[in-house]
Amino acid sequence: LNGNWMLQKRASTKYHSPDLWTNSCCSHPLPKEDTEAAAHRRLMEEMGIDCELHKVFSFIYKAKLGNGLIEHELDHVFVGFTPEFPSPNEEEVSDWKIVPFEEIDYEVQNHPEIFTEWFKLIYRKVNLHLTLNQKHLKN
């Protein structure tokens, strides 16, 4: 919606990173499932929406998540644009919001504890990619 970002707040029942703000969804591909197909599936399962997706990059990260958990993953980042409003799955998402990048950047810098570890690693890189490729991605 006009270049703003759709974020979700993870449900309080999630076994890690509950009640933290993050990207719209995570793909969690099934065995032998294409990552883009998984991203579409999970976007529908978590947020109740679907749209055209563009892969922007992949990265590996390792982070402590609390409760003695360490996450070490290869993540694939996709971006999509939609005029739809979500209909979130309450088992996955407790809240959602649409915000401009500047607000996200301010909040991550001043209140990093309210965001997931992986989101703090990717949001600036995604924004740079969007800025550089804005016309191409929206067409």
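## Two packed helices

Helices α2 and α3 pack with their axes 11 Å apart, at an angle of about 150 degrees. Helices here are DSSP runs of H or I with at least four residues, strands are E runs of at least two, and both are numbered from the N terminus. Axes are lines fitted to C-alpha atoms, for helices over the stretch in contact, and angles run from 0 to 180 degrees between N-to-C directions. The angle makes α2 roughly antiparallel to α3. The cut-offs are these: under 35 degrees is roughly parallel, over 145 roughly antiparallel, 65 to 115 roughly perpendicular, and the rest oblique. The crossing of α2 past α3 is left-handed. That word applies if the near helix is turned anticlockwise from the far one by less than a right angle; clockwise would be right-handed.

Which residues make the contact? From α2 come F101, I104, D105, V108 and Q109, and from α3 come F119, K120, Y123, R124 and N127. Contact means heavy atoms within 4.5 Å. These residues divide into 5 nonpolar, 2 polar and 3 charged. Here Ala, Val, Leu, Ile, Met, Phe, Trp, Tyr, Cys and Pro count as nonpolar, Asp, Glu, Lys and Arg as charged, and the others, Gly among them, as polar.

## About the model

This is a predicted model, in which local features need pLDDT of at least 70 and side-chain atom pairs count only at pLDDT 80 or more, while totals for chains, interfaces and linings use all residues. Residues are numbered from 1 along each chain as its sequence is written, and side-chain values use heavy atoms, with hydrogens and water left out.

## The nonpolar cores

In soluble globular proteins, nonpolar side chains tend to be buried together. The largest nonpolar core in this model has 22 residues. W5, L7, I104, F119 and V126 have the most contacts inside it. A nonpolar core is a set of buried Ala, Val, Leu, Ile, Met, Phe, Trp, Tyr and Cys residues joined through side-chain atoms within 4.5 Å. Buried means under 20% relative accessible area, exposed over 50%, and partly exposed in between, with a 1.4 Å probe and protein chains only.

Five elements each supply at least two residues of this core: β1 (5-10), β3 (53-66), β4 (69-80), α2 (101-110) and α3 (117-132). Helix α3 gives the most, with 6 residues.

What does V126 touch beyond its neighbours within four places in sequence? V126 is in contact with W5, F57, V77 and V79.

D95 is found in strand β5 (residues 93-99). Its relative accessibility is 37%, so D95 counts as partly exposed. Leaving aside neighbours within four places in sequence, D95 is in contact with L7, Q8, K9 and W21. D95 and L7 are 88 residues apart along the chain, yet their C-alpha atoms are separated by 8.6 Å.

E92 sits in the loop between β4 and β5. Is E92 buried or exposed? With a relative accessible area of 15%, E92 is buried. Its contacts, leaving aside neighbours within four places in sequence, are Q8, K9, R10, A11, K14, R42 and E46. The C-alpha atoms of E92 and R10 are separated by 6.0 Å, though the two residues are 82 residues apart along the chain.

## Positive phi in two loops

D19 lies in the loop between β1 and β2 (21-22). Its phi is near 60 degrees, a positive value in a residue other than glycine. D19 is partly exposed, at 36% relative accessible area.

N67 lies in the loop between β3 and β4. N67 is not a glycine, but has a positive phi of about 55 degrees. At 74% relative accessibility, N67 counts as exposed.

## Two exposed loop residues

F85 lies in the loop between β4 and β5. Its relative accessibility is 55%, so F85 counts as exposed. F85 and W96 are 11 residues apart along the chain, and their C-alpha atoms are separated by 9.9 Å.

P31 lies in the loop between β2 and α1 (35-47). P31 counts as exposed, at 78% relative accessibility. The C-alpha atoms of P31 and D50, 19 residues apart along the chain, are separated by 22 Å.
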